[in-house]
Amino acid sequence: MNRQKREAFPAGLYGMLLFALCCLTLPGIFAPVERALVGGLCLLPRAVSAWAGIPAQAAAEPRLLAQLRDLTEDLHTRVRQYDLDVGAPELLRDYTPVLCGVVASERRGRGGGGGGQPSELRLDHSYAELADCCEFVTKGNVLLGFLQKAGRGEAAEDPPEALARVLLLNHASARSVAAVVNLPDGGSLRMVVKPAAAVDPAPLRVDLWDDPYRAANLDRPGLPVTTIALPSLPGEPPAGLWLGRTRIWGYEAAVGEDALTIGVFVVPPFEPRALSHVVAWRRRADSQTAPAPESPLVALRHQAALEVRHAAYVWDLPGAVHGRHLLSCDGPVPDGAAVVQDGICLGTARGLAFGLGLVTSFPASRQRWNLLLLPQQPGLRPREITGQVVGSQNGIAILQWRGDSFDGVDERLPAGYLFTGSNGPHCPPGLFLGYARSEGLPQDRVEVTTASQSGPRTAEVVVGGGGR
């Protein structure tokens, strides 16, 4: 008997080690088991927390809530103002703009699109809603890419009710664009701009110059590249839309010799991961007059139509000062869902079983966020950035960020109010995070003061998708 037990012990130990190895190497398969086990362990602290305190019903006093609503409306007003500023009167005369929110940016292929950047966007409008729109999609005076049609091309398997897909210009299947660059010494060069390879130093590359000799001597980086109109081809974008700035790839000039240009690339001015809103264009009938300016709250209402908000309670866990909280919801909690109280984003959740979840506050997070900064100074354009918290203390987070280059130079972020950008279907843009300032910090850092609280409170969990 003892001998049989000694022989069985190693087999049991090896079985446990094998099971642990499977859990580590195949986390997707064993994730439901983990959620159920952790959720079961959290039932006890949930019961104790519910007995220990009554959740607060409001996050802030009415005056602060009114100010927050004004800030949110100001954010959407400025987003619309700058995203529709195409600098082409004929475009606004012949087309009606449709402001669309970005649900997610995606990388396609092993290395992503050209330059290794994301190459697709998913919008908060369906293919059916945008069926009568033109193919080109813009942001301000920048051409971003092309809207797909359900059942065709890259969207061949997408039904009309699915969220619309936009191929950015660096997508391997994106069409080439006719463009021109004005030279500093006079004259111009015409070219074709097409997607670069994933390993290239920029998302777009130049091909088919109209003057290869002058192109071979092009050694000036940072020159603006704009589109050329090709009216004979359907679906082509209008002239004058910005594609980006040139980046020269080659050898620098040696003493007594000219520089050797091997290739010319184009760097778009936007950060693909940070895009929160884009503009599609619907051709206007000859008899149709220009529409009245749309209220910024229209975008909010369309966004809200895609969301379901579940009532929830948030309790502090031991060590809550480090930004970890327990969530109890009246429905399933998806991973990455925003936890909101009166418009203030408390953080994101990791779903467990039994309607439970773990909430990580913004200062405690280490994920990469897509964010919108509303400058405190009136009239300045909103800034779309990506960032990651690199340190925090007492509700104040230090954010390392990177953003667009519309202004052509790297600059500090202005002081202002920080909102969420597009962080997936369950964390939409426009949720307030805190006040940001960069004074006295390195150029790529900002300090974010959040509305930190303690104690039990009511909240809402955002679940996106809108049934599509």
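Modeller: A salt bridge is counted where a side-chain nitrogen of Lys or Arg lies within 4 Å of a carboxyl oxygen of Asp or Glu. The model is predicted, so local features need pLDDT of at least 70 and side-chain atom pairs count only at pLDDT 80 or more, whereas totals for chains, interfaces and linings use all residues. Residues are numbered from 1 along each chain as its sequence is written, and side-chain values use heavy atoms, with hydrogens and water left out.

The structure holds 20 salt bridges. One of them joins Glu384 and Lys139, with N and O 3.0 Å apart. Glu384 belongs to strand β19 (residues 383-393) and Lys139 to strand β3 (residues 133-139), so this pair ties together parts that are 245 residues apart in sequence. Helices (H or I, at least four residues) and strands (E, at least two) are DSSP runs, numbered from the N terminus. Glu384 is buried at 7% relative accessibility, and Lys139 is buried with a relative accessible area of 7%; buried means under 20%, exposed over 50% and partly exposed in between, with a 1.4 Å probe and protein chains only.

A salt bridge also links Glu460 and Arg309, whose closest N and O atoms are 3.5 Å apart. This pair, too, links distant parts of the chain, with Glu460 in strand β24 (residues 457-464) and Arg309 in strand β13 (residues 307-316), 151 residues apart. Glu460 is partly exposed at 32%, as is Arg309 at 35%.

Within helix α3 (residues 62-83), Asp74 and Arg78 are four residues apart, which means a separation of about one helical turn. Their side chains form a salt bridge of 3.1 Å, N to O. Asp74 is partly exposed at 26%, but Arg78 is buried at 5%.

A network of salt bridges connects Glu106, Glu120, Arg122, Asp158 and Arg165. Asp158 sits in the loop between β4 (142-147) and β5 (163-168) and is buried, with a relative accessible area of 14%. Its side chain makes a polar contact of 2.8 Å with that of Arg165; such a contact is a pair of N or O atoms within 3.5 Å, where within protein one must be able to donate a hydrogen and the other to accept it, and residues adjacent in sequence count only if both atoms are side-chain atoms. Leaving out residues up to four places away in sequence, Asp158 touches Arg122, Tyr127, Ala150, Gly151 and Arg165, contact meaning heavy atoms within 4.5 Å.

Charge also meets an aromatic ring: the charged end of Arg175 sits over the ring of Phe146, 4.4 Å from its centre. The criterion is NZ of Lys or CZ of Arg within 6 Å of the ring centre and within 35 degrees of the ring normal.

As for the nonpolar surroundings, the largest nonpolar core has 31 residues, and Phe136, Met191, Val193, Trp209, Val225 and Leu243 have the most contacts inside it. Strands β3 and β4 are among the elements that give two or more residues to this core. A nonpolar core is a set of buried Ala, Val, Leu, Ile, Met, Phe, Trp, Tyr and Cys residues joined through side-chain atoms within 4.5 Å.
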